Amino acid sequence: QVQLVESGGDLVQPGGSLRLSCAASGSTVSTNTMGWYRQAPGKERELVASVGNGGRRNYAESVKGRFTIFRDNDKNQVYLQMDSLKPEDTAVYYCNLRMARWWGHEDYWGQGTQVTVSS
């Protein structure tokens, strides 16, 4: 079975940086679409960044130029480098593995890691 374990969430001041990590087991990050989503209190979960199995990256407009998603296929991990953090980036961040199926796709989620941006 697929398991995703996130780490790296923390309290950071505005303008600071964090790197989130997601360790995958049961499947490989290189052959699936990997993504980072976030959910702030009272808001719906939203896509932050994703990387397809072909390497194409996609970012939410709100994080373009500040966040970078990348994979380490040897370690079977995906990362989210977050720079120039803003208070509005505060949320629980979830790692997602999207596996293509003949009928569509199947999503797997990690447990989430809290990111708080505050002075």
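## Salt bridges

How many salt bridges does the structure hold? There are six, where a salt bridge means a side-chain nitrogen of Lys or Arg within 4 Å of a carboxyl oxygen of Asp or Glu. Keep in mind that this is a predicted model, in which local features need pLDDT of at least 70, side-chain atom pairs count only at pLDDT 80 or more, and totals for chains, interfaces and linings use all residues. Residues are numbered from 1 along each chain as its sequence is written, and side-chain values use heavy atoms, with hydrogens and water left out.

Let's start with D89. Its salt bridge with R38 has the closest N and O atoms 2.9 Å apart. This pair links distant parts of the chain: R38 is in strand β4 (residues 33-39), D89 is in the loop between β8 and β9, and 51 residues separate them. (Strands are DSSP runs of E with at least two residues, helices are runs of H or I with at least four, and both are numbered from the N terminus.) D89 also forms a salt bridge with R66, and here the closest N and O atoms are 2.8 Å apart. That pair links distant parts too, with R66 in the loop between β6 (57-59) and β7, 23 residues from D89.

R38 has other neighbours to look at. Its side chain makes a polar contact with the side chain of S62 at 3.4 Å, and a polar contact of 2.9 Å joins the side chains of R38 and D89. A polar contact is a pair of N or O atoms within 3.5 Å; within protein, one must be able to donate a hydrogen and the other to accept it, and residues adjacent in sequence count only if both atoms are side-chain atoms. Leaving out residues up to four places away in sequence, R38 touches a list of residues including V48, F67, V92 and Y93, with contact meaning heavy atoms within 4.5 Å.

Now try R101 and E106. These two form a salt bridge, and their closest N and O atoms are 2.8 Å apart. R101 has 34% relative accessibility, so R101 counts as partly exposed. E106 is at 27% relative accessibility, so E106 counts as partly exposed.

## The disulfide

A disulfide is a covalent bond between the sulfur atoms of two cysteines. In the computed search, the cut-off is a pair of cysteine sulfur atoms within 2.5 Å. Searching the whole structure turns up one disulfide, which joins C22 to C95 with an S to S distance of 2.1 Å. C22 lies in strand β3 (residues 18-25) and C95 in strand β9 (residues 91-101), so this pair ties together parts that are 73 residues apart in sequence.

Both cysteines, C22 and C95, are buried. The torsion about their S-S bond is about -80 degrees, so the disulfide is left-handed.

## The sheet and its strands

What is the order of the four strands in the open sheet? Follow β1-β3-β8-β7, with antiparallel pairing; two strands pair if DSSP finds at least two bridges between them. At the edges are β1 (3-7) and β7 (67-72), each pairing on one side only. Inside this sheet, β3 and strand β8 (residues 77-82) pair in the antiparallel sense over six bridges.

Strand β11 (residues 113-117) has T113, V115 and V117 on a covered face, while Q114 and T116 are on an uncovered one. In a regular strand the side chains alternate between the two faces of the sheet. Two bridges join β11 to strand β2 (residues 11-12), and these strands run parallel; the bridge partner of L11 in β11 is T116. β9 and β11, in turn, run antiparallel and are joined by three bridges, and Y93 stands opposite T113 in β11.

Note on methods. Buried means under 20% relative accessible area, exposed over 50%, partly exposed in between (1.4 Å probe, protein chains only).
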